[in-house]
Amino acid sequence: MTSFALAESSIQLVPDGTLLIHVALILVMVYVLNRTLFKPINKILDEREKRTRGQLGAASDILQRVEEGLSKYERSLFEARTAGYKLLEQERAIAVRERQERLAAEREEIANLVTVEKQIIKSQAEEAMDSIETNARLMAAEIGTAILRREVAEERSEVR
């Protein structure tokens, strides 16, 4: 076997008429595969992608609505708290004002009572002084009569 015999059994690189048949077969196979396999698979994949995008879009819409609702809820909660704090502050201010008014009224009443009591004490002191003075004169007269053994005349003298 010579090298020529090996060359005969090897692949021939010279194009012939079978090349056109092979190209035609490949084109027919591509067309048939395209119609029967690739187009239906691509159609299914496109529909799946559309559904996924649609569901993602719907999910993002839902998420956006939820965020808006949460924002609205937080805003209304903040406003309610603010209104509550304002109401508490108003009630506290009213209570403080009422307390101050009651304290002022009580202080005024106490001052009036103190003034009245001072006047009563002053009048009682004057009465006591008059009583003491009268008793002192009577006792002086009795002592004078007892010591002198005669009637002593009472003199009125104001000591004040």
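Modeller: Let's start with E89 and R92: being three residues apart in helix α2, they are separated by about one helical turn. Bear in mind that this is a predicted model.

Colleague: What makes E89 and R92 a salt bridge?

Modeller: Their closest N and O atoms are 2.7 Å apart. The cut-off is a Lys or Arg side-chain nitrogen within 4 Å of an Asp or Glu carboxyl oxygen, so the pair qualifies. As for the spacing, an α-helix has 3.6 residues a turn, so residues three or four places apart point the same way.

Colleague: Are E89 and R92 buried, exposed or partly exposed, and how do you know?

Modeller: Buried means under 20% relative accessible area and exposed means over 50%. E89 has 40%, so E89 counts as partly exposed. R92 has 46%, so R92 is partly exposed too.

Colleague: How many salt bridges does the structure hold?

Modeller: Three. One of them joins E49 and R53, with the closest N and O atoms 2.2 Å apart. These two are four residues apart in α2, which is why about one helical turn separates them.

Colleague: Why do E49 and R53 get the accessibility labels they do?

Modeller: E49 has 37% relative accessibility, so E49 is partly exposed. R53 has 56%, which is over the 50% cut-off, so R53 is called exposed.

Colleague: What makes R137 and E133 a salt bridge?

Modeller: Here the closest N and O atoms are 3.1 Å apart, and that is within the 4 Å cut-off. Both residues lie in α2, four residues apart, about one turn of the helix. E133 has a relative accessible area of 23%, so E133 is partly exposed, whereas R137 is buried.

Colleague: Which other residues of α2 are buried?

Modeller: A141 and G144. Across the protein, buried residues make up 2% of the 160 residues.

Colleague: Why is G144 called buried?

Modeller: G144 sits in helix α2 and has 14% relative accessibility, so it falls under the 20% cut-off. Leaving out residues up to four places away in sequence, G144 touches R149, R150 and V152. Just after α2, R149 takes a positive phi of about 60 degrees.

Colleague: How do you know that the span of α2 agrees with its number of residues?

Modeller: α2 runs over residues 18-148, which is 131 residues.

Colleague: Where is the kink in α2 centred?

Modeller: On N34, with a bend of about 50 degrees. The protein has two helices and zero strands.

Colleague: What makes the nonpolar surface patch, and which residues are in it?

Modeller: M29, L33, L37, F38, I41 and L45 make it, with an area of about 520 Å². Patch members need over 30% relative accessible area. L45, which is in α2, has 42% and counts as partly exposed, so L45 passes that cut-off.

Colleague: And what does the accessible surface of the protein come to?

Modeller: About 15300 Å², of which 62% belongs to carbon and sulfur atoms.

Technical notes. Residues are numbered from 1 along each chain as its sequence is written. This is a predicted model: local features need pLDDT of at least 70, side-chain atom pairs count only at pLDDT 80 or more; totals for chains, interfaces and linings use all residues. Side-chain values use heavy atoms; hydrogens and water are left out. The expected span of a helix is 1.5 Å times one less than its number of residues. The bend at a residue is the angle between axes fitted to the seven residues ending there and the seven starting there. Buried means under 20% relative accessible area, exposed over 50%, partly exposed in between (1.4 Å probe, protein chains only). Accessible areas come from the Shrake-Rupley method with a 1.4 Å probe; for residues, only the protein chains shown count as cover. Patches are made of residues with over 30% relative accessible area and no salt bridge: like charges are joined within 9 Å, nonpolar side chains (Val, Leu, Ile, Met, Phe, Trp, Tyr) within 5 Å. Contact means heavy atoms within 4.5 Å.
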